[in-house]
Amino acid sequence: MLLSKLLLPTLKDAPKEAEVISHKLMLRAGLVRKVASGIYTWLPLGLKVLRKIENIVREEMDASGAQEVLMPMVQPKELWNETNRWEKMGPELLRIKDRHERDFCLGPTHEEVITDLIRNNVKSYKELPLNIYQIQTKFRDEVRPRYGVMRGREFLMKDSYSFNIDEACLQSTYLTMRNTYKNILERIGLDYKIVAADSGAIGGDASEEFHVLAETGEDTIAISSESEFAINTELLLKEGEDISSLEGKPSPDGKGTIQIKKGIEVGHIFKLGKVYAEDMKANVLNNEGKASTLHMGCYGVGVSRLVAAAIEQNNDDKGIIWPHSISPFDINIIAIGYEKDQQIAEASLKLYKDLQEMGYDVLLDDRKDGYGTKMKDSELIGVPLNIVIGKQYIETNEVELKSRSGDSSLNDISNLKTILDFFK
RNA sequence: CGGGGUAUAGCGCAGUCUGGUAGCGCACUCGCUUUGGGAGCGAGUGGUCGUAAGUUCGAAUCUUACUACCCCGACCA
């Protein structure tokens, strides 16, 4: 991509509406723009990041044996009446009417729709287990949207629903999803914890959340300094404990001491059991030929929230520092004097094309600006590797490799292999 | 929904107390000079001052109502 053609409205000053660092940087780096409270347009650069995360999620879900579908965002009241959630849910369920005065809602989640699909189309235990997912825009009319896309009203989510013949089978799928979520977060490259969580009003007997650790997290979690033990302090509050007093105490599992941390919930896995299947009469015939209520699980990943979470965990005073896995570009070629110097222009374009042919996602800064402006923007948008081509190239045929993390070195422009050792 | 705050050009802000017809920095346009850390000079574009009503000869400024947005809380698969 030529930067001169890219819609990339970077800002020196963050709009005052932004409070947390990820929100400020997402606005400054030209990733998103607000349309209304909690509702955002994703600009080209932001969308590239969103798609990269989405693709990692998709690949790992497919690898786990799950199947992708796409359900509607608009859902009829009748389905929600079956589980009584039309009544139970508060105003966060945005209700609308069509031209015939029929009631619909904007989907905040899809248990009803997916359960309806499965009960109508799956009749035998032989077709199970099934794990069906989608990556789709959700709408929840939050009481108070905040922190940009971190807690938006409209947001992108991967939600999946498993249908199992019994508890043991559900347990197996649950563990597969647990492992899949670990793979996703490790591939993206985030520091996270799996925490025991409140299973909430939805019922069910097991629930774990995946939290990206960050100061601005909305949840408070207690973790062990040495083991995997981690728990959402919402659970402790119910028992009336004072959270701050836990700091430094021995971990309940006997390993290490308790530390109190802030976390951003980016994933949640749930064993629903038979709750929805019973309400909606979702049965299959078991191996004895008798109707058997399905056991369900549901598993969510906040895709758009992950963008913000990744920034919260990876930034400095200059801007975003993308993990390479989700960076909008792999390489930014900073061409100094692109407009004036034929040699620079030709060499930059050749390098650009060569790197593209090697499979890299390359940005070429061909704008009429100086080194400072181009570097500042590159650092703001967080591209992992810059290749500076300027007077050094004219003199010695060398370009400077400058990583976002601060390393730099000079290399002959023809030596692309050396250049790309950076990514090993 | 309770508490607090903000609203003036794309972004950041001044002007409001003390009413006189809107300004600064950045960005943007044109020209020339620049080009390895957000360049310089010159000339420009862009605002029904959140909305509505009121007071007044005159309102960004005073009064009232409303709206939007942000923060804290409550809420949240």
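Predicted model: local features only at pLDDT ≥ 70, side-chain atom pairs only at ≥ 80, totals over all residues.

1. Helix 11 (residues 371-381) contributes the most to the lining of the second largest pocket, with 5 residues. Because domain 1 (3-316) and domain 2 (329-423) both supply lining residues, the second largest pocket lies between these two domains.

2. Helix 1 (residues 21-28) packs with helix 9 (residues 303-313) at an angle of about 105 degrees, and their axes are 8 Å apart, which means that helix 1 is roughly perpendicular to helix 9. From helix 1, the residues Ile21, Ser22, Leu25 and Met26 meet Val307, Ala308, Ile311 and Glu312 of helix 9. The contact between helix 1 and helix 9 consists, by class, of 6 nonpolar residues, 1 polar and 1 charged.

3. Two places in the backbone deserve a look, given that most peptide bonds are trans and most residues other than glycine have a negative phi. Leucine 128 and proline 129 are joined by a cis peptide bond, with omega about 0 degrees, and proline 129 sits in the loop between helix 5 (111-121) and strand 7 (130-139). Asparagine 84, although not a glycine, has a positive phi of about 65 degrees, and asparagine 84 is located in the loop between helix 3 (77-82) and helix 4 (85-88).

Terms used: Residues numbered from 1 in each chain as written. Chains lettered and ligands numbered in written order. Heavy atoms only, no water. Axes fitted to C-alpha atoms, helices over the stretch in contact; angles between N-to-C directions. Helix = DSSP H or I, 4+ residues; strand = E, 2+ residues; numbered from the N terminus. Parallel < 35°, antiparallel > 145°, perpendicular 65-115°, else oblique. Contact = heavy atoms within 4.5 Å. Nonpolar A, V, L, I, M, F, W, Y, C, P; charged D, E, K, R; others polar. Domains from an automatic or database assignment.
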